[in-house]
Amino acid sequence: MQLRDALARLTEERVDLSHGYILDLQAAVGWFHKANGAVDLAGLSAAHLRAMMRRIVSAGRSARTANNYRAAILRLWENALGWGWTSRPVPSAKECPRLREPRRMPTAWRPEQVNALVQSCRRQETRRGWSGRHWEALVMTIYDTSLRVGCLLAADVECVDERSRRLNIPGEFHKHRRDTSHVLHTDTVNLLLSLWRPRGSRALFPFPWHKRELWRKFRAIVEGAGLPATRRDLFHKLRRTSYTYVAVRHGVAAASQHAAHLDDLSRYYLDPTFLEADPLEALPRPRAG
């Protein structure tokens with residue numbers, strides 16, 4: 001028995017695992033095999049796990065990626081131990097510590113940048129029925145709600161309550177599995193309800209390509225707006241932007257409620273530069289001459 005077998009059993013038994021999480025498990029197993037080759041579960045060791053993490057980092061991937069895949073392998077290992085497929089105990093944090101991750105400062109877009117992004121959306125050509133209006137609606141819905149794009153792609157048009165101007169997302173579409181309700185701007189509601197959809201489709205956003213194409217095409221839109229388009233400058237930055245504006249005006253608790261966070265995640269979402277006064281205003285300047 002190997003890790004691939006543990007992955008197959010886990011995904012077969014746990015029907016509640018999200019597709020994205022399964023992909024993460026598959027990627028982790030792939031990296032493990034790249035670093036160690038075929039290893040029987042009975043022979044697993046902390047050294048194998050460290051070798052995988054070393055291989056990930058040497059390939060230019062981040063410490064966060066290495067830590068995430070470490071956690072994925074440990075989960076498979078724990079399940080294999082519980083099934084009696086191995087007697088090797090899961091290594092302790094001391095035997096295989098997490099890598100130190102640099103703490104990145106959350107960043108958000110300024111109003112003029114959001115406007116440039118919307119203008120770039122509007123310039124997009126219509127292909128397979130998906131138009132600039134679809135892009136604008138997606139951007140403005142995330143801007144209004146701070147919702148994950150995965151939630152929105154899973155939602156259907158019945159989630160929009162036109163009279164109350166709310167977007168009601170079933171718990172099945174959230175990581176925390178709780179229903180949420182989000183206020184939308186009137187313009188966003190009208191835009192959502194006017195979008196073209198293929199005959200028989202009730203998808204809120206009927207994206208006509210594979211989901212991974214969404215990020216590639218959106219990156220081009222961000223670049224077309226004259227904005228940086230790194231991995232940290234895509235949909236999640238739009239979520240941070242929405243969160244930051246609410247936090248600045250109404251406080252972190254209100255922003256957490258707005259973004260449907262169960263905990264205070266301001267250290268990941270709140271752009272501190274929106275809160276700072278100019279420190280140089282407090283510093284007297286030397287006299288000229």
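Student: Which residue of E3 does Leu 167 stand opposite?

Tutor: Strands in a sheet pair up through backbone hydrogen bonds, and the pairing can be parallel or antiparallel. Here, in this predicted model, Leu 167 sits across from His 182 in E3. The pairing of E2 with E3 is antiparallel and runs over 4 bridges.

Student: What is the order of the strands in the whole sheet?

Tutor: The order is E1-E2-E3, in an open sheet of 3 strands with antiparallel pairing. E1 (160-161) and E3 (180-183) are the edge strands; each has a single partner, so one side of each lacks a neighbour in the sheet.

Student: How many residues lie between E1 and E2 in their hairpin?

Tutor: There are 4 residues between them. While you're looking at that turn, check Arg 165: its phi is positive, at about 55°.

Student: Let's move to helices. How do I read the packing of H6 and H9?

Tutor: For two packed helices, you quote the angle between their axes and the distance between those axes. Helix H6 (residues 132-145) meets helix H9 (residues 211-224) at an angle of about 90°, and their axes are 12 Å apart. That makes the two helices roughly perpendicular.

Student: Which residues make that contact?

Tutor: From H6 you have Trp 135, Leu 138 and Val 139; from H9, Leu 214, Lys 217, Phe 218 and Ile 221. By class, the contact of H6 with H9 has 6 nonpolar residues, no polar ones and 1 charged.

Student: H6 also holds Thr 141. Is Thr 141 buried or exposed?

Tutor: Thr 141 has 0% relative accessibility, so it counts as buried. Setting aside residues up to four places away in sequence, Thr 141 touches Ser 146, Leu 152, Leu 167, Leu 184, Thr 188, Leu 192 and Phe 205.

Student: At what angle do H1 and H2 cross?

Tutor: Helix H1 (residues 3-13) and helix H2 (residues 19-36) cross at roughly 170°, with their axes coming within 10 Å. An angle over 145 degrees counts as roughly antiparallel, and therefore H1 and H2 are described that way. H1 brings Leu 3, Arg 4, Leu 7, Leu 10 and Thr 11 to the contact, and H2 brings Ile 22, Leu 25, Gln 26, Val 29, Phe 32 and His 33. The class tally for H1 with H2 is 7 nonpolar, 3 polar and 1 charged.

Student: What span should H4 have, and how far apart are its end C-alpha atoms?

Tutor: Take 1.5 Å a residue: the 20 residues of H4 (residues 63-82) should span 28 Å, and the end C-alpha atoms are 29 Å apart, which agrees. After H4 comes Gly 84, with a positive phi near 80°.

Student: Arg 70 is in H4. Is Arg 70 buried or exposed?

Tutor: Arg 70 counts as buried, because its relative accessibility is 9%, and the cut-off for buried is under 20%. Leaving out residues up to four places away in sequence, Arg 70 touches Leu 49, Met 52, Met 53, Ala 93, Cys 96, Pro 97 and Arg 98. Arg 70 and Leu 99 are 29 residues apart in sequence, and their C-alpha atoms are 9.8 Å apart in space.

Technical notes
Residues numbered from 1 in each chain as written. Predicted model: local features only at pLDDT ≥ 70, side-chain atom pairs only at ≥ 80, totals over all residues. Heavy atoms only, no water. Pairing = 2+ DSSP bridges. Expected span 1.5 Å × (residues − 1). Axes fitted to C-alpha atoms, helices over the stretch in contact; angles between N-to-C directions. Parallel < 35°, antiparallel > 145°, perpendicular 65-115°, else oblique. Contact = heavy atoms within 4.5 Å. Nonpolar A, V, L, I, M, F, W, Y, C, P; charged D, E, K, R; others polar. Buried < 20%, exposed > 50% of the residue type's maximum accessible area, 1.4 Å probe, protein only.
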